[in-house]
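Subject: Structure handover

Hello,

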Amino acid sequence: MGIIKAVCASAEKGMRKKDVGEGLLVQEHGLQDDAHAGSWHRQVSLLAMESIDKMKALGLDVGPGDFAENLTTEGIDLVHLPIGTRLRIGAEAIGEVTQIGKECHNRCAIYYQAGDCVMPKEGIFIRVLNGGTVKNGDTIEVIS
């Protein structure tokens, strides 16, 4: 079991996201008011704080949302979760892992600063099976 360290959103794609503290995960849509939400398999992105800490160790001043992830987690090994894994997020929301990592077509600002970016290798994506409110400090756990 892990915890949600940040709930992040942005109005436009291709931007760093801002920690908004709390949000609504909408069934088969994603994080309400986030540019990446929609009817597709990458409705919500997750990245572990442990991955962000790797970039900090390289000397970057980065934190939750800087890799455009919606949910920053701690204490759960995201990158090793198989496709199809179901996660309970907060009290009500349930997500299903649909993709591990992504192809980075356009180099982001983080890549140019550090020569690498963790999101394409260590970020995961889920679709929202059951909606619900999620906020900083909520638990996230594998349920199947």
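**Strand β1 and its partners**

Strand β1 and strand β6 (residues 71-74) run antiparallel and are joined by four bridges. Strands here are DSSP E runs of at least two residues, helices are H or I runs of at least four, and both are numbered from the N terminus. Two strands pair if DSSP finds at least two bridges between them. In β6, E74 stands opposite I3.

Before the rest, the ground rules. This is a predicted model, with residues numbered from 1 along each chain as its sequence is written. Local features need pLDDT of at least 70, side-chain atom pairs count only at pLDDT 80 or more, totals for chains, interfaces and linings use all residues, and side-chain values use heavy atoms, with hydrogens and water left out.

Back to β1, which spans residues 2-9. Six of its eight residues are buried, so the strand is mostly covered. Buried means under 20% relative accessible area, exposed means over 50%, and partly exposed lies in between (1.4 Å probe, protein chains only). β1 also runs antiparallel to strand β11 (residues 139-142), with two bridges between them. There, T139 is the bridge partner of I3. Strand β2 (residues 18-19) pairs with β1 too, again over two bridges and in the antiparallel sense. K18 in β2 stands opposite A9.

**The chain as a whole**

The protein chain has three helices and eleven strands. Their order along the sequence is β-β-β-β-β-α-β-β-β-α-α-β-β-β. Of the 144 residues, 47% are buried. The accessible surface comes to about 6,900 Å² (Shrake-Rupley method, 1.4 Å probe; for residues, only the protein chains shown count as cover). Carbon and sulfur atoms hold 48% of that surface.

Contact means heavy atoms within 4.5 Å.

**The open sheet**

Three strands form an open sheet in the order β4-β3-β10, with antiparallel pairing. β4 (30-31) and β10 (132-135) are at the edges, each with a single partner strand, so one side of each has no neighbour in the sheet. Strand β3 (residues 22-26) is joined to β10 by four bridges. E22 stands opposite K135 in β10. As a general point, side chains in a regular strand alternate between the two faces of the sheet.

**L46 and E122**

These two residues are 76 apart in sequence, yet their C-alpha atoms lie 8.9 Å apart in space. L46 lies in strand β5 (residues 44-48). Its relative accessibility is 0%, so L46 counts as buried. Leaving aside neighbours within four places in sequence, the contacts of L46 include E69, L71, T73, L78, L87, M119 and E122.

E122 lies in helix α3 (residues 119-122). At 16% relative accessibility, E122 is buried as well. With neighbours within four places set aside, E122 is in contact with L46, L47, S51, K54 and V79.

**R127**

R127 is found in strand β9 (residues 124-130). Its relative accessible area is 26%, which means R127 is partly exposed. R127 and G38 are 89 residues apart in sequence and 9.5 Å apart in space, C-alpha to C-alpha. Not counting residues up to four places away in sequence, R127 touches E28, H41, Q43, I94, G95, E96 and T98. With E96, the link is a side-chain to side-chain polar contact of 2.8 Å.

**Charges and rings**

Which charged ends sit over the rings of W40 and F125? Over W40 it is K13, 5.3 Å from the ring centre. Over F125 it is R42, 4.6 Å from the ring centre. The test is NZ of Lys or CZ of Arg within 6 Å of the ring centre and within 35 degrees of the ring normal.

Best wishes

Note on methods
A polar contact is a pair of N or O atoms within 3.5 Å; within protein, one must be able to donate a hydrogen and the other to accept it, and residues adjacent in sequence count only if both atoms are side-chain atoms.
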